[in-house]
Each structure stands twice: as C-alpha cells, then as structure tokens.
Amino acid sequence: MKKMRAIFIGDVRFDQCPVFELNRETDYFEMIGDPEFKYAREVVEEDGDFLIFEIENDEATLIER
C-alpha cells in the first residue's frame, strides 16, 4: 500500500525532523510518533514549505507540485 508522507523544510535545521503521514480516514497528515500533532491535507498540499513524498516498497518519490 502506498503511503503519503511530508516534512516541513524548516525542520531540517534541527537535530530531528518530524515526518507526517497522511491518515486517509481523517484526511490529516499526522506526525509519526505523535498523531495529536497534525495538519489538514489541504494545508500541507498548498504550503510550498512542505515536501511531499509517495512511499511504496521502501522507495520514496518526491511529488512535484
């Protein structure tokens, strides 16, 4: 099954970079490890400071927007 994941570009400055995964049931990108921290899908997709990836078979493909 394909997964959609996103990272916020500004977070790469820090020692740890949170990764957000799309929960298709709620349509929110939830932080892996802390699903209470989340963004609506449309917020992530419309914000150019997020990089969105499709993950399949352990391969990540950057989604061009």
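Author: One begins with a definition: two strands pair if DSSP finds at least two bridges between them. The model shown here is predicted. In it, strand E1 (residues 3-8) and strand E5 (residues 50-56) pair in the antiparallel sense over six bridges. Within that pairing, Leu 51 of E5 is the bridge partner of Ile 7.

Reader: In what order do the six strands form the open sheet?

Author: In general, strands of a sheet pair through backbone hydrogen bonds, either parallel or antiparallel. Here the order is E4-E3-E2-E1-E5-E6, with antiparallel pairing. Strand E4 (34-40) and strand E6 (59-62) each have a single partner strand, so one side of each is left without a neighbour in the sheet. On average, neighbouring strands are turned by 35° against each other, direction ignored.

Reader: How many aromatic pairs does a search of the whole structure find?

Author: A pair of aromatic rings is described by the distance of the centres and the angle of the planes. The search finds six aromatic pairs. One of them joins Phe 20 and Tyr 39 edge-to-face, at 5.3 Å centre to centre and 65° between the planes. Phe 20 lies in strand E2 and Tyr 39 in strand E4, so this pair ties together parts that are 19 residues apart in sequence.

Reader: Is Phe 20 buried or exposed?

Author: Phe 20 counts as buried, because its relative accessibility is 2% and buried means under 20%. Tyr 39, at 28%, is partly exposed. Tyr 39 also forms an edge-to-face pair with Phe 50, at 5.3 Å centre to centre and 70° between the planes.

Definitions and conventions
Residues are numbered from 1 along each chain as its sequence is written. This is a predicted model: local features need pLDDT of at least 70, side-chain atom pairs count only at pLDDT 80 or more; totals for chains, interfaces and linings use all residues. Side-chain values use heavy atoms; hydrogens and water are left out. Helices (H or I, at least four residues) and strands (E, at least two) are DSSP runs, numbered from the N terminus. Axes are lines fitted to C-alpha atoms, for helices over the stretch in contact, and angles run from 0 to 180 degrees between N-to-C directions. Rings of Phe, Tyr and Trp (its six-membered ring) pair if their centres lie within 6.5 Å; planes under 30 degrees apart count as stacked, over 60 as edge-to-face and the rest as tilted. Buried means under 20% relative accessible area, exposed over 50%, partly exposed in between (1.4 Å probe, protein chains only).
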